[in-house]
Structures are given as structure tokens and as C-alpha cells.
Amino acid sequence: MTSVESHPGGLLLQGDIIRDVALIEDVREVHGHIEVSQIVFPLVIVLTQGCDLEQERGSRPKPTDDKTLISVLCAPLYNVEHVFKGEHLSDLELRMQSINRKKTEGRMLRQNRLARYHHLSFPSGIPIVDSAIDFKHYFSVSMSRLEEARTERYVVTLGDLHRELLSQRFAAYLSRIGLP
Amino acid sequence: MPSPPDTPQQIFDAGYVGRGTESDRVLNPPSATIPVEDFGMPATAGEPKGSSLIRPPASYGLGKPRRFVLRARVVND
């Protein structure tokens, strides 16, 4: 079970889970119309380091903008049952590989032993189904947009131990060495 | 409040979900399957004149990621 904390109304934190966050895919002008294509993720989790977020908003007057963040790194949370079926991106017309939940690979995913995925199982009071993060999927959102989203659509924050575990596994996956 | 879009052309004009060619979107807008009341809210008064931008719904539960293409007419005035 994943431990969680509640910090509604506070500032953006590493491990925050926020509803309905958009990734702006493309902006283009087509025949006199501006088209903005965006993917709206039902749930995302903040991956940017807590200390960076804290320094960004430090309360003391800053002589420079050295600690300013251009954007915040997020990863989508997918319903793990959709991930097992390989259908979590079906509304984007993408078919992913299915994972048999009853076989070794499925068990390993739930036990966080598959490097690519991070499984989260929330306490019963939290309205989120068992979820998985796919470390191949991450994107950045501007600080101001995400803070605005947090104000309106904050859900919960991962507890510190689980936050660190997620951070460490994400970093390990990103820095993996691809052998031929 | 204006009526929610319900025909493919209205959905296309208002903003829609899906991808593919422009004609695909008009002919087969996936958003046609979204309940009308979930489709979204009209643009607010602060948006540019002539905008046909429709906001995505505030929430659609714990579903899957979806693509929205918001469309606004460029107006020179």
C-alpha cells in the first residue's frame, strides 16, 4: 500500500497527484484558424525534485533568478487494469503491449520489479484505482499552469518514503544503459 | 448558454477529440461518443472575439488520456 499525505491549498510538491493536466502537443495555424492540440491526462504525478520546487518559490528576496524553474516534470498515472490490457492509450489510438496480470510479468509489475513501470496502490480513502506509471511517458508543464491546476484539482501527495522510491526508480530507468 | 454541439460539424467547429486528417475529424469525430453534458463549457467572455474555443470538461473521472484539439478563428479587428 502506498502511503499518502494531504496538502491541499499548499504549494506544489514533489509527489503531488493532480487531476486533468494537459500536455500541449502542438499549436498551428490552419486556414485562418489556430488549432491547439492537447492531451489531457486524468491524473499526473509531479516528478521534479522537492528541493528544486522549494527553492523556486523561496520566500526570501532573491538577488537573481538562478533557481527559477522553466517547467515541472510530470508523469501520467494509468489505471493498472488498462495497462495490463495494453489499452491505457486507446483513446489516443495507440495500442500498447498487454501484460498478463496473473503471470510473472504482471506480478513483477505489481511488486515494482519491472524497471519500466511503477505500481501504486492507494489506501481505500483515496479515490484513485490501482495505478501504474510508465517511465517512458513524462512531460513538462509550466510552473504557473501546474500551480493553477493544483489549486483546482489537487488529489493527494505521495508519502515521503514512496516519493523517494518513485524518484529513485525513475532516475534509474532514465539513466539505464541500452546494451545492443 | 448556447446549445452543446451535437452534429459532427458542430463538434468540429467547437473543438473536438481525435486525430487524423481534417476530413477524418469531421466525418468521424470520436467526441461524438462523449455525453453532451460532459463535452465542455463555452469560451469565457475574455477570449478573443470570434473564438470558437471550447474547454475540455473539468473532469471525466479516472478514465484514459484523451486528445482535444481546440480551434479558434483568427480575427483581425
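Visitor: How many residues of chain A are in contact with chain B, and with how many residues of chain B?

Guide: Happy to start there, keeping in mind that this is a predicted model. Contact here asks for C-beta atoms, placed from the backbone, within 7 Å. By that criterion, the contact involves 25 residues of chain A and 19 residues of chain B.

Visitor: Which strand of chain A gives the most to the side that touches chain B?

Guide: Two strands of chain A, strand 2 (16–30) and strand 3 (33–46), each supply at least two residues of that side. The top contribution is eleven residues, and it comes from strand 3 of chain A.

Visitor: Which strand of chain B is joined to strand 3 of chain A, and by how many bridges?

Guide: The two strands run antiparallel. Gln38(A) stands opposite Phe68(B), and Ser37(A) has Val69(B) as its bridge partner. The strand in question is strand 2 of chain B, residues 66–73, joined by eight bridges.

Visitor: Which residue takes a positive phi in the hairpin of strands 2 and 3 of chain A?

Guide: Those strands run antiparallel and are joined by twelve bridges. Val30(A) stands opposite His33(A), and the hairpin has two residues between its strands. The residue with a positive phi, near 50 degrees, is His31(A).

Visitor: Which residue stands opposite Val46(A)?

Guide: Strand 3 of chain A is also joined by three bridges to strand 4 (residues 72–76) of chain A, running antiparallel. Within strand 4 of chain A, the residue opposite Val46(A) is Cys74(A).

Methods
Residues numbered from 1 in each chain as written. Chains lettered and ligands numbered in written order. Predicted model: local features only at pLDDT ≥ 70, side-chain atom pairs only at ≥ 80, totals over all residues. Contact = placed C-beta atoms within 7 Å. Helix = DSSP H or I, 4+ residues; strand = E, 2+ residues; numbered from the N terminus. Pairing = 2+ DSSP bridges.
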